[in-house]
Amino acid sequence: MVRENKALCMFCGEVVEDINHDFFSCKRIDGIWMFFLHGMSLSSALPHEAEHHYWQHVLLHDSVKKNSRWRYVWCATVWLVWRCRNQSIFHEKKLNIEEAIHQILFQSWTWLKGYEKGFNVPSVQWLSNFVACIKEGPIQRNRGCMFGLHACVIINFVRSLLEWI
C-alpha cells in the first residue's frame with residue numbers, strides 16, 4: 001500500500017519513487033546502465049546513490065579521453081531517464097529501452113560534437129559503435145568546467161533534486 005503523497009516508480013511500479021531508485025536502482029533503468037557497461041566490457045556493482053554512481057562511472061577508463069567521453073554518456077543517461085519519467089507521468093508514454101539507448105547515444109554525440117574540440121565522429125558511426133568512438137580519436141580540453149558544461153549542469157540538477165526530495 002502506498003502512503004498518501006507517495007507515488008510508485010513510473011518505470012517498474014514496484015517501489016515508492018525516489019531519486020536514487022528512479023535513476024540508479026530501478027530494475028528497468030538498470031538495464032540501460034548495464035547495456036553501456038557491457039558495451040565497454042566493464043562489470044561492476046552499481047551504487048544506488050547519485051553521487052556515488054557518478055564518481056564510480058567518471059573514472060572507469062584508463063585515459064582522459066575515454067573518461068571524458070564516458071561522462072557525456074553518463075550525463076545523457078541521467079537526462080534521458082528524467083525525460084522518460086516526465087513523459088510517463090504527463091503523456092502516459094511507456095519506457096522503451098531500445099529507444100532510450102538510441103536517444104542517449106544521440107544526445108551524448110550531440111554534446112560531444114558541441115563541447116569537445118576536434119570531435120569529428122559522424123553520428124551514424126557513434127550510434128552504431130559508440131565503444132570504438134569512445135576509445136579512438138584525439139581529445140582536447142572541453143569548454144566550460146573541468147567535466148564539460150553539460151556534465152556540471154546535470155550533476156547540479158541531480159544534486160538539487162536530491163535536496164528537494
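At 15% relative accessibility, Arg85 counts as buried in this predicted model, because the threshold for burial is a relative accessible area under 20%. This arginine forms a salt bridge with Glu17, and the closest N and O atoms of the two side chains are 2.7 Å apart. Since Arg85 lies in helix 4 and Glu17 in the segment before helix 1, the pair ties together parts that are 68 residues apart in sequence. The chain around them consists of eight helices and zero strands.

**Overall architecture**

- Read along the sequence, the secondary structure follows the pattern α-α-α-α-α-α-α-α, and 43% of the 165 residues of the chain count as buried.
- When contacts in the chain between residues at least 6 apart in sequence are considered, 57% of them join residues at least 24 apart.
- The accessible surface of the chain comes to about 9,000 Å², and carbon and sulfur atoms account for 55% of that area.

**The network around Arg85**

- Glu17, Asp22 and Arg85 are linked in a network of salt bridges, and the structure as a whole holds five salt bridges.
- Asp22, which lies in helix 1, is buried with a relative accessible area of 4%.

**Other salt bridges**

- The side chains of Lys27 and Glu14 meet in a salt bridge with an N to O distance of 2.7 Å; Lys27 lies in helix 2 and Glu14 in the segment before helix 1, so this pair ties together parts that are 13 residues apart in sequence.
- Glu99 forms a salt bridge with Lys93, where the closest N and O atoms are 2.9 Å apart.
- Glu99 counts as partly exposed at 31% relative accessibility, and Lys93 is likewise partly exposed, with a relative accessible area of 34%.

- In soluble globular proteins, nonpolar side chains tend to be buried together.
- Not counting residues up to four places away in sequence, Trp126 touches Val73, Leu105, Ser108, Trp109, Leu112, Phe119, Val121, Cys133 and Ile134.

**Helix 2**

- Helix 2 has 13 residues and reaches 18 Å from its first C-alpha to its last, which is close to the 18 Å expected at 1.5 Å a residue.
- The buried residues of this helix are Ile29, Ile32, Trp33, Phe36 and Leu37.
- An α-helix has 3.6 residues a turn, so residues three or four places apart point the same way.
- Just after helix 2, Ser41 takes a positive phi of about 60°.

**Further features of helix 4 and the surface**

- Phe90 is found in helix 4 and counts as exposed at 60% relative accessibility, because the exposed class begins over 50%.
- Together with Met10 and Ile89, Phe90 makes a nonpolar surface patch of about 280 Å².
- Lys65 is also found in helix 4, but this lysine is buried, with a relative accessible area of 12%.
- The C-alpha atoms of Lys65 and Glu116 are separated by 9.9 Å, although the two residues are 51 residues apart along the chain.

Notes
Residues numbered from 1 in each chain as written. Predicted model: local features only at pLDDT ≥ 70, side-chain atom pairs only at ≥ 80, totals over all residues. Heavy atoms only, no water. Helix = DSSP H or I, 4+ residues; strand = E, 2+ residues; numbered from the N terminus. Buried < 20%, exposed > 50% of the residue type's maximum accessible area, 1.4 Å probe, protein only. Contact = heavy atoms within 4.5 Å. Areas by Shrake-Rupley, 256 points an atom, 1.4 Å probe, with all protein chains shown as cover. Expected span 1.5 Å × (residues − 1). Patch = residues over 30% accessible without salt bridge, like charges linked within 9 Å, V, L, I, M, F, W, Y side chains within 5 Å. Salt bridge = Lys/Arg side-chain N within 4 Å of Asp/Glu carboxyl O.
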